Amino acid sequence: MDAHSLKVLEFEAIKAWLASHACTPLGAERVGALNPSSNREEVEAWLDECSEFREILAKGEVAPFQGITDIRDSLVRSRIEGFVLSSHELLQIANTLEASRRLRVFFRQQKASCPRLCRPFGHLKPCEELIGEIRTAVLEDGSIADEASGKLRALREEIRRLREEVYARLQSLLQDPAHQWVIAEPLITMRNERYVIPVRPNFRSSLRGLVQDQSGSGQTVFLEPAAVVELNNRLRQLRSTEEEEIRRILMRLTKAAGRRAEEIGETVEALGEIDFIHARALLAEELKCSRPKLNEDQRLILIQARHPLLVKRSAVSGQRSANRQETGDRRPETGDLPVVPIDVRLGEAFQILVITGPNTGGKTVALKTMGLLTLMALAGLHIPASADSEIPLYTGVFADIGDEQSIEQSLSTFSSHLTQIVRILGQADSRSLVLLDELGAGTDPAEGAALGIAILEELLRLGTSTVATTHLEAIKAFAYTKPHVENAFVEFDLDSLRPLYKLSIGLPGKSYALEVASYLGISPGIIEQARRHLGERGLHLRALIERLERDQREAEAKRVFWEREAAEAAVLKARHEELLQALEDEAKGRRRQALHEALTIVAQARKEVDRLLEGIRSSASLGAAQEGRRDLERLQKAMAEERALLQATEGPPGEVLRSEE
C-alpha cells in the first residue's frame with residue numbers, strides 16, 4: 001500500500017491506538033509491522049481470528065498474558081559458546097514459558113469455537129523440563145537456591161558456620177572490658193569483603209590487626225582483628241568457590257535453554273501473534289466494530305460508517321465533560337466534530353463519486369472515513385460500521401488530502417496536489433481506490449475545473465474507484481451529466497447555517513459561502529455585489545442545484561409518504577387475510593356439520609330402502625309392492641340430491657366418507 005496515503009489517512013494513528021491494547025512488547029511489535037493486504041485468504045483469516053477472540057471476550061473470559069517478556073535476545077545469547085545468562089534472564093524465560101502454558105490451557109478450553117486461533121495456539125510449547133530446572137535453581141528475587149546443587153549447599157553451610165565463628169570472636173572483642181576505650185562503636189561491619197570492627201585511631205596499643213578502611217574524618221578506623229584474619233581468608237575462598245559454583249549452575253541452565261532455543265523461539269512468536277489478535281479484538285470491542293465482508297468486484301459498501309478517531313475523540317470529550325460536571329463546571333465541550341455515521345455505495349451504479357458542500361461540513365471526514373476503514377479491513381481489523389458493509393480487495397489505496405505545500409521544496413498547494421496526482425495516475429488501476437480532496441483547487445477556477453474533469457475522465461477510463469471533493473460548479477455539472485459518475489453532498493441546515501455532517505448521494509451541494517458570509521455579518525450590499533460577480537452562468541448553475549435539491553426534498557417527502565402508505569396497506573392486508581381465514585374456517589366448520597347431517601340421512605335412507613325391499617319380497621299383494629316401489633324411488637331421489645350436495649361442498653362422497661371414518 002502507498003506509504004503517503006497511509007500517512008494522510010492516519011493509519012499510523014490507528015496502529016498506535018491498537019498497540020496500546022497489546023499486553024506484551026511482542027504484540028506491540030506485531031502491530032508496528034501491520035500493513036494492509038490484498039490477499040483474500042490472508043485477510044479473511046485475520047478477520048476470522050479477530051471474530052473468534054471477540055467471542056471469547058464476549059463470554060467474559062480473560063486471557064492470561066501476565067509474565068510474558070521479550071526473551072529473544074536471551075535466546076540468541078544462550079546459543080553462544082561460553083556465554084552465561086544472568087539469573088534474571090533465566091527467570092524471564094521461565095516466566096514466559098509458564099505464561100505459554102497457561103495460555104495453552106486457556107485455549108484448549110476454547111478450542112471447539114475457535115478453529116482459527118488453533119493455528120498460533122499449536123505453536124505454544126511450554127518446555128516443562130526447562131521450567132522445572134530454572135525454578136529449582138533460581139528464586140523469585142534472582143538469587144540461586146541452595147538446592148541448585150549438592151556442592152552449593154555444602155559450601156553455603158560451611159560459609160554460615162565460619163561466619164558465625166567470626167561473629168562470635170568479634171563480639172567477644174567488642175565486649176572485652178580491656179578494649180572498650182578503643183572501640184568507636186560496638187558493631188560488626190564489612191570492608192573489602194572482610195568482617196571488621198570500628199575502633200579509634202589509637203587502637204595499636206590494645207589491638208593487633210589489619211586496617212581495611214577509615215572514615216572521612218579520620219576519627220574511626222575499620223580494623224580486621226588478627227583473631228579473625230585467617231577465618232576471613234577462609235570465608236573469602238569459600239565465597240569465591242561459591243561464585244564459581246553459581247556460574248557453573250547458570251552455565252548449565254544457559255546451555256539447557258540454548259538447546260531448546262529454536263523451540264522456545266517458536267513459542268515466543270506464537271505469544272506475540274496471540275497478543276496481536278487479542279489487541280485487535282479489544283480495539284474492535286471498544287469501537288463497537290463489525291466484521292466486514294470482502295468482495296472482488298470493486299463494490300465499496302459502507303453502512304453506518306464512523307471515523308474511528310472521531311469516535312475516540314468523542315469518547316474522551318465525553319469523559320472530560322463528565323469530569324467537569326462532577327466538579328460543577330457545566331460548560332459544554334467545544335472543538336470536536338460530531339460523530340455522524342455515513343452510508344456509501346461505490347462501484348455499483350457509479351464508479352466515481354464527487355462530494356460537494358460547505359467548508360467544515362464533513363467532506364474531508366467522509367473521504368478519510370472511506371479510506372481509513374478500507375485500510376483497516378484489509379489489515380484484518382474490524383471496522384466501526386454495520387456488518388452489512390463490504391470492502392473490495394483493493395491492491396492500492398491512494399489519497400491526496402490536505403495542504404501539502406512545502407517552502408523547502410518551493411511547492412505551492414496547487415503544485416503539491418498535482419505532484420501527488422501525477423504519482424497516483426501512474427500507479428492506479430481498476431483495482432485501486434483513489435481519494436482526492438479539493439480537486440481543482442489552488443488555481444484559476446475555470447482551469448482548475450477543466451483539469452479536474454480531465455483527471456476524473458482518466459480515472460474513469462482506468463476503471464479506478466474514485467471519490468473526490470470539490471467546490472467547483474463545473475465539476476458538479478460534469479458529475480451530474482456523465483455516466484458512471486455521481487454527485488453527493490454533505491447536508492447543511494439553512495436555518496442555523498450549520499453543517500449537519502450527513503452525506504447524501506444523488507445530488508450536488510452548494511458551498512453556501514455567500515449565505516455563511518451574510519450570517520457572519522457581511523453587509524447585504526456586498527453580498528448582492530458578490531451575486532452579480534457570480535455571473536449569469538454561475539447563477540444558473542446555483543439555481544439548477546437549488547432546483548435539484550428542492551426536487552430531491554419533494555421526492556424524499558413523497559417517498560416517505562408512500563412508504564408510510566405502503567406500511568399501512570400491508571397492515572390492512574394482513575388484517576384482511578386474517579379475517580378471510582377466520583371466515584373460511586367458520587364456513588368449513590358449517591359445511592362439515594351439514595355434511596355430517598347429510599351422511600346421517602343417507603345412512604337412514606339406506607336402512608329404509610333395505611327394509612322396503614325386504615317387505616316387497618315378502619308381500620304377496622301387488623298394491624303393496626307398487627307402493628313400496630314408489631317409496632323406494634323417492635328415497636333414491638333424496639339420496640341423489642344429498643350426493644350432489646356433498647360433491648359441491650367437500651368433494652366426492654366416497655372421499656368424504658373415508659375422511660369421516
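This is a predicted model: local features need pLDDT of at least 70, side-chain atom pairs count only at pLDDT 80 or more; totals for chains, interfaces and linings use all residues.
Trainee: How many helices and strands does the protein chain have?

Mentor: Both are DSSP runs, numbered from the N terminus: helices are H or I with at least four residues, strands E with at least two. Here the chain has 20 helices and 14 strands.

Trainee: What share of the residues is buried?

Mentor: Buried means under 20% relative accessible area, exposed over 50%, partly exposed in between (1.4 Å probe, protein chains only). Of the 661 residues in the protein chain, 43% are buried. Now take contacts (heavy atoms within 4.5 Å). Among those between residues at least 6 apart in sequence, 73% join residues at least 24 apart.

Trainee: How many cavities does the search find?

Mentor: A cavity is a set of points on a 1 Å grid over the protein atoms alone, where a 1.4 Å probe fits but cannot get out; lining residues have an atom within 4 Å of a point. Points join across faces, edges and corners, and volume is the space filled by probe spheres set on them. The whole structure has four cavities of 30 Å³ or more. The second largest cavity holds about 100 Å³. Helix H14 (413-427) and helix H15 (445-462) are the elements that give two or more residues to its lining.

Trainee: Which residues lie nearest the centre of the second largest cavity?

Mentor: Look for His417, Ile421, Glu438, Leu439 and Gly440, out of 15 lining residues. By class, the lining has eight nonpolar, four polar and three charged residues.

Trainee: Which residues have the most contacts inside the largest nonpolar core?

Mentor: A nonpolar core is a set of buried Ala, Val, Leu, Ile, Met, Phe, Trp, Tyr and Cys residues joined through side-chain atoms within 4.5 Å. The largest has 56 residues, and Leu302, Ile355 and Met370 have the most contacts inside it. Helix H13 (residues 363-378) gives this core the most, nine residues. Beyond its neighbours within four places in sequence, Ile355 touches Lys363, Ala366 and Met370, among others, and also Val467 and Leu503. A second, separate core has 48 residues, including Leu103, Leu130, Ile264 and Ile277.

Trainee: How many aromatic pairs are there?

Mentor: Rings of Phe, Tyr and Trp (its six-membered ring) pair if their centres lie within 6.5 Å; planes under 30 degrees apart are stacked, over 60 edge-to-face, the rest tilted. The search finds four pairs. Phe106 and Phe107 are edge-to-face, at 5.3 Å centre to centre and 85° between the planes. Both are buried.

Trainee: Why is the pair of Tyr167 and Tyr195 edge-to-face?

Mentor: Their planes stand at 70°, with ring centres 5.5 Å apart, so the pair is edge-to-face. Tyr167 sits in helix H9 (residues 150-175) and Tyr195 in strand E2 (residues 194-199), 28 residues apart. Tyr167 is partly exposed, at 36% relative accessibility. Tyr195 is buried, at 5%.

Trainee: Where is Val196 placed?

Mentor: Val196 is in strand E2. At 0% relative accessibility, Val196 counts as buried. Its C-alpha atom is 9.7 Å from that of Tyr167, 29 residues away along the chain. Leaving aside neighbours within four places in sequence, Val196 contacts residues including Leu170, Leu187, Gln212 and Phe222.

Key: Residues are numbered from 1 along each chain as its sequence is written. Side-chain values use heavy atoms; hydrogens and water are left out. On a 1 Å grid over the protein atoms alone, a cavity is a set of points where a 1.4 Å probe fits but cannot get out, and a pocket is an open set with protein on both sides within 12 Å along at least five of seven lines; lining residues have an atom within 4 Å of a point. Ala, Val, Leu, Ile, Met, Phe, Trp, Tyr, Cys and Pro count as nonpolar, Asp, Glu, Lys and Arg as charged, and the others, Gly among them, as polar.
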